Amino acid sequence: MDARFKSRDIERRSLDVDGLKRSFLEWLVYSVGKDARAATRRDWFHTVALAVRDRVVDRWMDTTRSYYQEDAKRVYYLSLEFLIGRLLTNSLSNLGIVDECRQALDRLGLSMEDVVDAEPDAALGNGGLGRLAACFLDSMASQGLPGYGYGIRYEFGLFEQRFENGWQVEYPEQWLQFGNPWEFARPEVLYPVQFYGRVEEFRDSVGERAYRWVDADRVLAMAYDTPVVGFGGETINTLRLWSARATRDFNFGHFNDGAYMKAVEQKILSENLSRVLYPNDATETGKELRLKQEYFFTSASLQDILRRYLQHHTTFDNLPNKAAIQLNDTHPAIGIAELMRLLVDQHALRWDNAWEITRATFAYTNHTLLPEALEAWPVRMIERVLPRHMQIIYEINAKFLNRTKARADGDNAKLSRLSLIDERGERRVRMGNLAFLGSHKVNGVSALHTELMKQTVFADFHQEFPDRINNKTNGITPRRWLKQANPALSELITTRIGEGWISDLSQIAALREKADDVVFREEFRRAKRKNKKRLAAYITRQTGEEVLVDSIFDVQVKRMHEYKRQLLNVLHTIALYNEMRDNPTVSWVPVTKVFAGKAAPSYHMAKLIIKLINDVAKVVNHDPSVHDNLKVVLLPNYNVTAAEIIIPAADLSEQISTAGMEASGTGNMKLALNGALTIGTLDGANVEIREHVGPDNIFIFGMTADEVNDLRASGGFNPREVIASNPSLKRALDMISTGAFSPDDRNRYHPIVQALTDGGDHFLVTADFADYCRAQDAAMQLYRDSEEWTRKAILNTANMGWFSSDRTVNEYAGEIWDVHPVHPNHDGEGFR
Ligand code: CR6
């Protein structure tokens, strides 16, 4: 081999400071095309990212080769969202070269923070569901599991949120504007995806009835691969995202008509498919483009999965032993009909055989019980966009209902609930039912949510298939959410218990005994204080507001949604403000209320709540009579990067959804792991967090899911009565309704007041208000005793080990996927 090539090859892998520095300089010049004098921060970010990427490529290929050689069973995680965030620190940290990189940059006169900050935040998701997918990718790679992510390479991620005059305004998020150094374009990995057209019936070679989908429009799905670096750099998995490309096959007929420009325009329009992420969180949009996005990425992924499988196999009998496909919500559920189509129409399998294979391959995760979020596509739309799939869905349904009819003895109501088609009003396909029927396992994302699935949306299905529903409580990756986001606390933890916790979070339980150690408590507080200072500076940069580092940082960060009840928090804020004004001589515990979160652009109530928080902040923050004891801030553009700054600094974690409505939550886990105490309802995973951290170390309040259910079943309650009996609630609401926070438009908040009063207060804000205030008071009292508070905070961190996404993914691997770790063969090449 050419000696120069060889030395470069070694250089590309070297992980020491000198080697890194040399390759930075080389990359800057030869790939970014700048010299050091002219390079911007962004140029340096690209340089460093490309140099780091070099260091994973060999191991990535080794990993893929090992999977291939072992013909390992793979798991394919199909998700319309991957909320990844930045990758530079993540890659460096998982490779174990953060310090080396910092030093190499230092020698070049650069600050690591500046370089890290130049990376855009990849926001290919809305919230919890998308971030969960990203945590699972990290956990699968860190466990050595052969896991692939499949999704869409949106050109525009989740919108950028700005506040203009206190109102949310959305701006396009152009994360790809300056290129993406992490991805590899694969122009040769291209699959056709069809839409529209019609179905033709014919007789196959043995005279059986068969179908083909003809006269359809075609789009191509092109792959972009991003390496997913597991902790320690042993396993590098792949996230494959599809981008829409126009086909090159022009319709020559059009040319002759002089419609050439029209034909070309049509082609260009087809690339709109992967243009933008729908900004709805847990609400269904029902738009045709969304259905097309769902089918687009699902079809491309299935074609890719079958191609990979067929490299080793000649029949499909082994597909379920070699591929597990996990449907992240119903968004990819059309894949069930698509796999049937591919097996029956393209590969000539018999229906029953194809169905058995399909069901054994797919599994489905449900992420919400909210009726407005359950996807139900109009039959007429599917008939038009995916005509063959509509036939297949009818066929699946007919066979299922026929089989069930015998057992249902005349219970037609039950049959119509089980049907894949909702016949009430405009006929619709219930995607949840399709996903349930086409999967061998169906799971919820917390113990409570899974129980409620059995009792509500899937009660009939559960009766028919009692072994199918199972629980997989969500988790979070400790690499990003503790090690990277909170260096102060992670370094402290490591000095006491070693670094085993990073890859086995259950080891963090060893910190329990440190809760009684005064010195450790002091250091724990110091770490928190450092993070609070960092957040305080960020708050000032973002909002201009100064906050007291020694106040309680009371944090509610999540999407803006009525069921998450930011309003409950706002009402408490106003009540506290009034109390402080009424009692200026009392020595108050200073409180900083930190909010952040985006509202779906068409969700008017959520946007009005944003405006209210900003209006309340304006009044409270400028009222000298509260002596800075209360500050309210709403941070703009909440995303993964902002979360990494906010979460480590929180004292109190607001998890206050109406019981029964939050499927799990994952922010609740991130905050508790970082030593925040939770104030929350018995909803979602809060229930399990309480079990793990202990009831003394969490502030639980409010109605339970059963109580909510009973109350609603008995016809609800009268919020007016509740309000009348609670003077501080009444006063707070009166202030909102009379314009105390909106002197420029006194009626602005009429819709909010209306919803909480005559509207019936569907989310039970007023019903839970008194108990919420009681829990808030308890938190404030405890905060005065900083030793006791710290003890509880430590016990939170120490008891959150079970909420690692490594645990979650292992449960999926063992109980749903039947996939096992593979140890890639790296042939002793120069790494570490
Ligand atoms: N909005 C749930 O609401 C859960 C995540 C991940 C959600 C949330 O409680 O933690 O999924 N559901 O399981 C959907 O997106 C449909 C969410 O993020």
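A crossing of two helices is called right-handed if the near helix is turned clockwise from the far one by less than a right angle. In this predicted model, the crossing of helix 2 and helix 5 is right-handed.

**Packing of helix 2 and helix 5**

Two packed helices are described by the angle between their axes and the distance between the axes. Helix 2 spans residues 17–32 and helix 5 spans residues 98–107; they pack at an angle of about 55°, and their axes are 8 Å apart. The two helices are therefore oblique to each other. Helix 2 contributes V17, D18, L20, K21 and F24 to the contact, while helix 5 contributes E100, C101, Q103, A104, L105 and R107. Of the residues in this contact, 6 are nonpolar, 1 is polar and 4 are charged.

**Helix 15**

Helix 15 covers residues 387–407, which makes 21 residues. From its first C-alpha to its last it reaches 31 Å, close to the 30 Å expected at 1.5 Å a residue. Among the buried residues of helix 15 are P387, M390, I393, F400 and T404.

D628 counts as partly exposed because its relative accessibility is 43%. D761, at 2% relative accessibility, counts as buried, since buried means under 20%.

Conventions
Residues are numbered from 1 along each chain as its sequence is written. This is a predicted model: local features need pLDDT of at least 70, side-chain atom pairs count only at pLDDT 80 or more; totals for chains, interfaces and linings use all residues. Side-chain values use heavy atoms; hydrogens and water are left out. Axes are lines fitted to C-alpha atoms, for helices over the stretch in contact, and angles run from 0 to 180 degrees between N-to-C directions. Helices (H or I, at least four residues) and strands (E, at least two) are DSSP runs, numbered from the N terminus. Angles under 35 degrees count as roughly parallel, over 145 as roughly antiparallel, 65 to 115 as roughly perpendicular and the rest as oblique. Contact means heavy atoms within 4.5 Å. Ala, Val, Leu, Ile, Met, Phe, Trp, Tyr, Cys and Pro count as nonpolar, Asp, Glu, Lys and Arg as charged, and the others, Gly among them, as polar. The expected span of a helix is 1.5 Å times one less than its number of residues. Buried means under 20% relative accessible area, exposed over 50%, partly exposed in between (1.4 Å probe, protein chains only).
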